[in-house]
Amino acid sequence: MNAQAPALRDPRLNRPEPFTPPLGDGGFFQRDRSVHPPAHAPGYKSSVLRSPRQALLSLESSISEITGPVFGHNDLGPLDNDLIRNYARDGDPVGERIIVHGRVLDETGRGVPNTLVEFWQANAGGRYRHRKDTYLAPVDPNFGGCGRALTDDTGYYYFRTVKPGPYPWRNYVNSWRPAHIHFSVFGSGFAQRLITQMYFEGDPLIPVCPILTTIPDKDALDRLVAPLDLNASTPFDSLAYRFDIVLRGQRSTYFENRTAGN
Amino acid sequence: MPQPLNYLKETASQTAGPYVHIGLIPAMAGFDIFEKNFSNVLVTSNTKGERITLEGRVLDGTGTPLRDVLLEIWQANAAGRYNHPADRSAGALEEEFRGWGRAGSDFDSGLVTFETIKPGAITDKAGRKCAPHVNVWIVARGINIGLNTRLYFSDEEAANAADPVLNLIEPPLRRKTLVATRSERSGKVVYSFTINLQGLEETVFFDV
């Protein structure tokens, strides 16, 4: 498909249009579903009744998929990326103080600028501030557990929080989630929309988690595990973890004088 | 060996889990934290177009409504223009209409609603008219990777019959799983939809 295809000749000059690369339609790279968990993953029991049985219908990217919501700094508040302060009532939350930072990239390695990243997590004891969470570990009065950030011009984001604790859940009798932070990322088009979870280097619960091990590809699973990043730590204050997120690649577009995505 | 291509691999998806509201709709989780919140209301008093309510449920393989599901919609404005720099079509852009919203299902009934406007028709790359539609993305506990589908409108029969995407669906009976039914309720236009994740009348989901 080539948006320029119908205009073979420039009528003003009566000569052929100059060559433009044939993939300049702004479409997304085909999603490689082998790096993602399958919809039906019976070890994660609630996927059994919530997974389609019919094949997905493949759609070539159209304007509905290439476009997506645009967010700006007006959508955010000044403390939105600081989970240590954004719900503080009478002090700081209890737990290991950490910084989580990284870049949102696409499959070509380019940073995805000005995109919205949202995150949520349990507190240091593995308890969520949610009306449906009944785990006996207490809620922390100074911890809400959510935040959001816009990536900068290079795709970089960061936030501050406490390290979440593991928590039990009803799957097998004795199933425990590894410590994790949920991430929601937009990208530049609605077809890049992604929700995932970040895990922590060295957590022994990772290889036995029925949700994490829905991912068939060992390397894809490893890419969800954030390494400790001592270089980004703040001495006598916070450790840091590095988590880069890769969204689908996009073919160049020739809508504008400056080609998007290059 | 040829040169390596060196593309990165997409980050793997994981379920949004049962507590997705904490991050995406904190008020539903039971607390207030952000100054500005995203919502299921896409319109302001200035938005052009016919006001509509989208209302429906997402059902599992036993026909039971999901009560912890989260939907996002993405749509064009009444002139058929998306509020995004890649849309260079002729329809007028409305800066105030983002075209995006999110909604969690009611914890008791599983009902999901959006207040929006009916989108205009779009022209695709090949110059074909696409019927008015709303793009839908579904995440929940038990859904490992977000599901993409579309909602079309029951009162757009002729446009739907010519729509290039609906026509890609081979069994014609499955096309109707994407069509929301129009009704009027105390003067408001409501389009009702049911998304069946699994089973006999399974909704068509797309690999977009």
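The model is predicted: local features need pLDDT of at least 70, side-chain atom pairs count only at pLDDT 80 or more, and totals for chains, interfaces and linings use all residues. Residues are numbered from 1 along each chain as its sequence is written, chains are lettered from A in the order in which they are written, and side-chain values use heavy atoms, without hydrogens and water.

**Salt bridges**
- The whole structure holds 26 salt bridges over all chains (a side-chain nitrogen of Lys or Arg within 4 Å of a carboxyl oxygen of Asp or Glu).
- Asp237(A) pairs with Arg97(A), with the closest N and O atoms 3.1 Å apart.
- Asp237(A) lies in the loop between strands E12 and E13 of chain A and Arg97(A) in strand E4, so the pair ties together parts 140 residues apart in sequence (strands are DSSP runs of at least two residues, helices H or I runs of at least four, numbered from the N terminus).
- Arg102(B) and Glu118(A) form a salt bridge at 2.9 Å, N to O.
- Arg102(B) is in strand E3 of chain B and Glu118(A) in strand E5 of chain A, so this pair joins two chains.
- Both Arg102(B) and Glu118(A) are buried (under 20% relative accessible area; exposed is over 50%, partly exposed in between; 1.4 Å probe, protein chains only).

**Ile122(B)**
- Ile122(B) lies in strand E5 of chain B, residues 122-123.
- Its relative accessibility is 4%, so Ile122(B) counts as buried.
- Beyond residues up to four places away in sequence, Ile122(B) touches residues including Ile63(A), Ser64(A), Tyr82(B) and His133(B) (contact means heavy atoms within 4.5 Å).
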